[in-house]
Amino acid sequence: MCGIVGYLGGRQATPVLVEGLHRLEYRGYDSAGVAVLDGGEIVVTKTAGRVQDLRDLLVDSPATVGVAHTRWATHGVASDRNAHPHLDAGLRIAVVHNGIIENAEQLRARLQADGVELVSETDTEALAHLIAQQRADSLEDAVRAALRGVEGTYGLVVLDRDRPDELVVARNGSPVVLGVGDGEMFVASDVSALVHHTQRVVFLDDGELATLTATGYRTSTLDARSTSKVPTTVAVAADAYELGGHEDFMRKEMAEQPEAIARALRGRLDERFATAHLGGLALDPMALRAIRRVKFLGCGSAYYAGQMGAVLVEELARVPADAEPASEFRYRNPVVDPDALYVAVSQSGETLDTLAAVQELRRKGGRVIGAVNVVGSAIARECGSGVFLHAGPEVSVASTKALTNMTVSFAMLALLLGRVRDLSAAAGGRIVAGLRGLPGQVERVLADDADIARIAKRYAHARHMFFLGRVRGWPVAREGAQKLKEISYVHAEAYQSAELKHGPLALIDPDMPSVVVVPADDLVAKNIATIEQVKARGGPVIAITNADLPDGLADEVIRVPRGEPELDPILLTIPLQLLAYHTAAALGRDVDRPRNLAKSVTVE
Ligand code: F6R
């Protein structure tokens with residue numbers, strides 16, 4: 001989704017801004033632009049296309065202050081004119097903006113009635129004109145006054161031709177982070193654009209503004225109360241955002257899964273009491289026992305991970321559990337159960353629908369914790385307690401290692417909830433040992449890469465694919481279908497195996513391959529029957545399994561190691577990542593930047 005970079009200091013601004021934009025490319029965008037203050041004028045360069053296209057247009061400039069943006073079109077098509085930064089009519093104010101201004105139409109109409117000529121179709125341009133119209137003593141006050149009439153979400157940075165020594169930043173519902181350097185200040189929508197320069201950052205809260213100068217910053221609220229923000233150090237190595245010899249980030253992040261799982265488990269498993277320690281939950285055993293229901297809320301793959309979590313909680317703790325897309329939950333006036341534990345699941349911690357679900361829950365007095373990867377993110381801060389995923393930065397749009405660490409974290413949560421109830425020490429010990437064995441087992445699945453690549457190539461021509469599973473295998477099938485469609489653009493549909501005969505079986509023919517997830521559980525015979533039903537209609541079958549299947553049953557068999565059965569979904573998901581990856585590669589797709597998608601979805 002859109003990206004913001006701003007710089008103010010002693011260096012040439014343009015290279016810093018463009019480098020920052022390159023680091024934000026992974027978020028997804030369709031146009032890019034830069035504005036710098038050069039010779040007393042704001043000089044804007046922008047284009048529909050890639051950051052590389054922008055770089056080709058830029059000229060060398062001594063400017064030491066500027067703002068830059070990658071845009072993901074919302075109001076108005078992707079075009080040079082609609083790309084940010086946007087200027088006011090007097091060419092004094094430049095604005096870069098993430099988010100959506102909901103009353104943009106009214107604001108634009110009012111500006112036009114005032115005789116302002118709008119040159120783009122965007123909501124953001126209205127902000128530039130509004131800020132320029134304010135009669136205020138400072139840029140900060142002008143921004144504050146303009147924002148009073150604005151409804152919607154924004155993370156924005158404002159450059160004023162007449163105030164070359166400052167930038168003003170504001171946030172409401174769309175992240176902005178300040179980077180504190182030595183005699184220079186940075187701002188970005190994502191720490192990945194900052195960590196090469198500084199690890200000292202300040203996360204703005206919703207409703208907060210900041211004025212930056214080269215030597216520091218001050219923060220305040222929209223109603224002009226000053227706030228006190230101390231920089232925190234982000235423990236992210238700058239090379240976490242480098243490919244480090246891998247062809248792309250998805251491949252790198254899949255390969256990182258064994259170490260990411262080990263990091264998530266570190267210090268959290270307790271052999272002595274056969275349980276897990278999740279200090280961030282801030283729930284004592286009495287509070288854990290009082291939980292009568294668990295509900296996982298997330299979007300996309302985070303929702304499917306939540307579904308895997310729900311299966312784990314029901315199996316290990318025998319507490320009723322389910323998962324729901326946060327985007328549905330927030331709009332359906334949910335009945336909030338005071339005895340339930342709600343878990344907001346998010347890699348980025350910035351997904352707007354998930355954040356809104358958390359806010360709705362808190363407003364209604366629900367108990368909500370986060371399962372979040374990005375420390376300092378909006379959802380992590382809104383929840384206040386929870387489980388950090390420790391997957392490390394995830395750059396590829398398709399979530400892999402973060403998703404795996406979500407499920408690993410839910411296994412620990414389920415173990416903990418189980419052990420304060422009736423899960424025996426022996427059973428708990430079995431899960432602890434199973435979790436400890438996971439990194440090595442994932443390593444073994446990843447080593448099967450060449451065979452999975454061969455299978456992917458064989459079926460890459462398919463226009464449609466089914467992904468089938470039941471119980472533990474069902475969320476795995478859903479996640480497998482999601483991965484395939486998002487990066488390869490092959491239509492993939494997940495079904496519960498038993499539902500096949502109630503309609504979709506009609507679609508099975510030799511051109512419709514089915515991926516069938518078969519964990520080594522009590523339902524192997526049922527899954528064998530499903531495969532036979534598909535085969536009887538001429539449908540090719542790829543089985544993903546750690547069970548013993550009759551020879552020749554499926555056309556292709558991808559095997560994963562056998563561990564503790566409850567943890568099977570974690571292992572069974574890995575080959576599906578590889579299958580999607582190699583299908584996308586065989587079709588020549590840009591795996592890290594699938595069309596129309598963004599890494600972090602901060603709009604509705
Ligand atoms: C799929 C994918 C998306 C995200 C979803 C939620 O590979 O990455 O479906 O899972 O947009 O994002 P987060 O986890 O950041 O809330």
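Student: How many salt bridges does a search of the whole structure find?
Tutor: The search finds 40 salt bridges. A salt bridge here is a side-chain nitrogen of Lys or Arg within 4 Å of a carboxyl oxygen of Asp or Glu. This is a predicted model, where local features need pLDDT of at least 70, side-chain atom pairs count only at pLDDT 80 or more, and totals for chains, interfaces and linings use all residues. Residues are numbered from 1 along each chain as its sequence is written, and side-chain values use heavy atoms, with hydrogens and water left out.

Student: Okay, Asp449. What does Asp449 form a salt bridge with?
Tutor: Its partner is Arg251, and the closest N and O atoms are 2.8 Å apart. The pair links distant parts of the chain, 198 residues apart. Asp449 sits in helix α15 (residues 449–459) and Arg251 in helix α6 (residues 249–255). Helices (H or I, at least four residues) and strands (E, at least two) are DSSP runs, numbered from the N terminus.

Student: Is Asp449 buried or exposed?
Tutor: Buried, with a relative accessible area of 17%. Buried means under 20% relative accessible area, exposed means over 50%, and partly exposed is in between (1.4 Å probe, protein chains only).

Student: And Asp322? Which residue does it form a salt bridge with?
Tutor: Lys295, with the closest N and O atoms 3.0 Å apart. Asp322 is in strand β19 (residues 321–325) and Lys295 in strand β18 (residues 293–298), so the bridge ties together parts that are 27 residues apart in sequence. Lys295 is buried at 6% relative accessible area, while Asp322 is partly exposed at 28%.

Student: Back to α15. Where do Arg454 and Asp451 lie?
Tutor: Both lie in helix α15, three residues apart, about one turn of the helix. Arg454 is partly exposed, with a relative accessible area of 40%. Asp451 is also partly exposed, with 28%.

Student: Which residues are linked in a network of salt bridges?
Tutor: Glu140, Asp141, Arg144 and Arg218.

Student: New topic. What does Glu479 contact, leaving aside neighbours within four places in sequence?
Tutor: Ser301, Tyr304, Met308, Ser399, Leu403 and Thr573. Contact means heavy atoms within 4.5 Å. Glu479 lies in helix α16 (residues 473–488). At 1% relative accessibility, Glu479 counts as buried.

Student: What about Asn405, buried or exposed?
Tutor: Buried, with a relative accessible area of 0%. Asn405 is in helix α13 (residues 401–419). Not counting residues up to four places away in sequence, Asn405 touches Ala260, Ile261, Ala264, Leu389, His390 and Ala391.

Student: What phi does Ala224 have?
Tutor: A positive one, about 70 degrees, although Ala224 is not a glycine. Ala224 is in the loop between β13 (216–221) and β14 (226–227). At 48% relative accessibility, Ala224 counts as partly exposed.

Student: And Ala282, what phi there?
Tutor: Positive again, about 55 degrees, and Ala282 is not a glycine. Ala282 is in the loop between β17 (275–276) and α8 (285–290). Ala282 is exposed, with a relative accessible area of 63%.

Student: Zoom out. How many helices and strands?
Tutor: The protein has 18 helices and 27 strands. Of its 604 residues, 62% count as buried. Among contacts between residues at least 6 apart in sequence, 72% join residues at least 24 apart.

Student: What radius of gyration does the protein have?
Tutor: 25 Å, which agrees with the value near 25 Å for a compact globule of 604 residues. The radius is taken over C-alpha atoms, and the globule rule is 2.2 Å times the number of residues to the power 0.38. Along its principal axes, the C-alpha trace spans about 75 × 55 × 45 Å.
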